[in-house]
Amino acid sequence: MIGNGSIRQDPVLAVATAWTLLGTALLFLVDSADARVNVFWAFQPALDALLAYSAWRVSRIAVGAIRRFWRMLAVAGSLFTLGDTVQALVSLWQPNQTSTVGGTIQSTCFALGLGLIVVAMLIHPHSGRSGRERVAFWLDSATVLVGGATVAWCFVIDPKDNPAGALAGAAVVLTSAFAAVKMILSGNAPMHRTAAIPMIMAAVVNAVGLFAAPGEDQNLPAYVYAIRFVPSLLIAMGPRFQEVIARFDETAFGTRRRKPYSLLPYGSIVLVFFTMTYILPKHDDAGRLWGSVGGLGVIVALVVARQLLAFHDNQRLIAQLREHEVRLRRQALFDDLTGLANRTHFREELGAALDTAEPGTVSLLLVDLDGFKAVNDTLGHAAGDLLLAGVAEKLRTSVRAGDMPARLGGDEFAVLLHDCDAQDAERTAQRILQSLTVPIPIDGAPILANASIGVACSEPGDDTRSLLHAADTAMYAAKHRGKGTYMCYDPTMLPAAS
């Protein structure tokens with residue numbers, strides 16, 4: 001708010017606006033093309049000087065790559081000032097000047113300054129962009145530039161009548177288009193949005209000035225001179241706005257959030273399509289027709305390349321989402337320490353097996369380590385974790401591929417055995433106990449893990465809760481029997497709670 005108020009009260013901008021209004025009024029008051037050209041060139045240098053001075057002032061405030069951009073803009077403004085000053089003097093000394101196209105010095109300074117601005121925009125970094133995002137940006141930019149070139153070729157440029165004017169017109173249109181693309185698409189323009197608006201408007205008015213009298217540069221109406229004169233003020237206003245805003249806004253040069261997509265390339269397709277539709281009935285102008293067809297073809301190719309890049313990005317994002325989904329699912333269903341199924345996943349699989357399998361074909365082993373608390377107390381929790389991981393590995397190697405070992409919590413494990421009767425379940429329990437007789441090395445020391453195992457086989461009417469209770473009862477019976485052994489559930493056993 002402070003910056004905007006200061007802009008409205010800035011005396012330099014007020015003088016520049018008054019200067020432009022005076023020059024515009026004179027363009028309409030004088031009655032000859034020679035006088036209008038004299039006015040046109042006489043009022044340009046002051047605005048060019050304002051551009052150079054303001055850009056230099058901004059460069060002293062900015063830092064890094066942004067300072068470099070504004071320094072290059074200040075040099076470009078100085079070149080414009082030199083060229084337009086020389087041209088103003090030439091117009092006064094040489095009568096009957098009726099063209100807005102400058103002489104050799106002015107054209108050279110203009111071309112150098114314009115090239116410097118393009119280089120400044122090209123080398124300005126795109127912070128926070130990946131290589132793929134930079135390619136997408138340049139594809140979008142190229143699409144808009146080709147659209148501008150095609151429209152210029154069909155409506156503005158007339159090489160047969162005025163080669164110099166055609167060249168200058170092409171430079172202005174293409175550079176203006178590029179400036180607009182840079183400000184809109186990059187999300188990292190080296191200026192505040194308020195400063196960018198008048199510079200983009202200058203590009204638009206420049207294009208309007210060329211369209212107002214396509215292919216002509218002599219004996220123009222007063223309003224055409226005025227339209228081509230006003231952009232000088234708009235371009236100079238941008239740096240001045242930036243200078244004023246930077247005094248009050250610490251984020252004046254900050255990176256702004258950019259949109260993840262742009263509709264400008266599709267706008268270029270529509271614009272060139274209508275251009276071709278307009279040119280098509282004119283059979284006598286094959287050059288412009290083929291220019292529009294070629295431009296449309298190039299734009300379509302660029303947009304297709306952009307879409308292919310977007311499809312590749314989408315596939316990459318989908319793959320990342322799937323990987324993330326797999327990680328989340330694994331975190332939800334498996335134990336982080338051992339990699340075995342967790343309690344929730346195990347109960348779900350056990351319930352599904354009991355619902356679909358015949359009674360007597362689903363067995364359950366409940367494995368509880370003996371003396372695990374002593375390992376934690378004497379060797380530490382890190383050693384206890386290594387012991388649990390070692391036991392988990394022994395369970396994996398002791399069961400079949402279709403069985404499910406799980407860690408229910410603490411030092412309690414379980415194994416779901418599919419298509420397994422009571423005898424096969426006993427043999428599995430024996431293999432597990434046999435594997436546990438081999439010590440597990442922890443920090444170079446062999447640690448023996450003992451376990452008590454309860455075995456339960458499904459009966460008609462069993463559900464998850466009842467089968468777990470049966471295996472739990474058998475496991476406690478094994479502990480009472482002397483630990484390091486297994487017991488099969490028998491209905492005569494005392495409940496585990498006892």
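Biologist: Which strand does S1 pair with, and in what sense?
Modeller: Strand S1, residues 363-370, pairs with S6. The sense is antiparallel, over 8 bridges. Bear in mind that this is a predicted model.

Biologist: Which residue of S6 stands opposite Leu369?
Modeller: Ala451.

Biologist: How many bridges join S6 to S7?
Modeller: 3 bridges. S7 covers residues 486-488, and the two strands run parallel. Val455 stands opposite Cys488 in S7.

Biologist: How does the chain cross from S6 to S7?
Modeller: Through helix H17, residues 464-481. That makes a β-α-β crossover, and it is left-handed.

Biologist: How many residues of S6 are buried?
Modeller: 7 of the 8, across residues 450-457. So S6 is largely enclosed by the rest of the structure.

Biologist: And side chains in a strand, how do they point in general?
Modeller: In a regular strand they alternate between the two faces of the sheet.

Biologist: New topic. Which residues make the nonpolar surface patch of about 360 Å²?
Modeller: Val300, Val304, Leu308 and Phe311.

Biologist: Where is Val300?
Modeller: In helix H12, which spans residues 286-333.

Biologist: What is the spacing rule for a helix?
Modeller: An α-helix has 3.6 residues a turn, so residues three or four places apart point the same way.

Biologist: Why does Val300 count as partly exposed?
Modeller: Because its relative accessible area is 38%.

Biologist: What about Leu302, buried or exposed?
Modeller: Buried, because its relative accessibility is 16%. The cut-off for buried is under 20%. Leu302 is also in helix H12.

Biologist: What separates the C-alpha atoms of Leu302 and Pro265?
Modeller: A distance of 8.7 Å. Along the chain, Leu302 and Pro265 are 37 residues apart.

Biologist: Switching to H3. How many of its residues are buried?
Modeller: 7 of 10, so to speak for residues 33-42 the helix is mostly covered.

Biologist: Which ones are buried?
Modeller: Ala33, Arg36, Val37, Asn38, Val39, Phe40 and Trp41.

Biologist: Last thing, confidence. What pLDDT does the chain average?
Modeller: It averages 81. Of the residues, 81% score at least 70.

Biologist: Where in the chain is confidence lowest, and where highest?
Modeller: Lowest is helix H8, residues 163-185, with a mean of 51. Highest is strand S3, residues 412-417, at 96.

Notes. Residues numbered from 1 in each chain as written. Predicted model: local features only at pLDDT ≥ 70, side-chain atom pairs only at ≥ 80, totals over all residues. Heavy atoms only, no water. Buried < 20%, exposed > 50% of the residue type's maximum accessible area, 1.4 Å probe, protein only. Helix = DSSP H or I, 4+ residues; strand = E, 2+ residues; numbered from the N terminus. Pairing = 2+ DSSP bridges. Right-handed = clockwise from strand over helix to strand, strands pointing away. Patch = residues over 30% accessible without salt bridge, like charges linked within 9 Å, V, L, I, M, F, W, Y side chains within 5 Å. Areas by Shrake-Rupley, 256 points an atom, 1.4 Å probe, with all protein chains shown as cover. Salt bridge = Lys/Arg side-chain N within 4 Å of Asp/Glu carboxyl O. pLDDT = per-residue confidence, 0-100.
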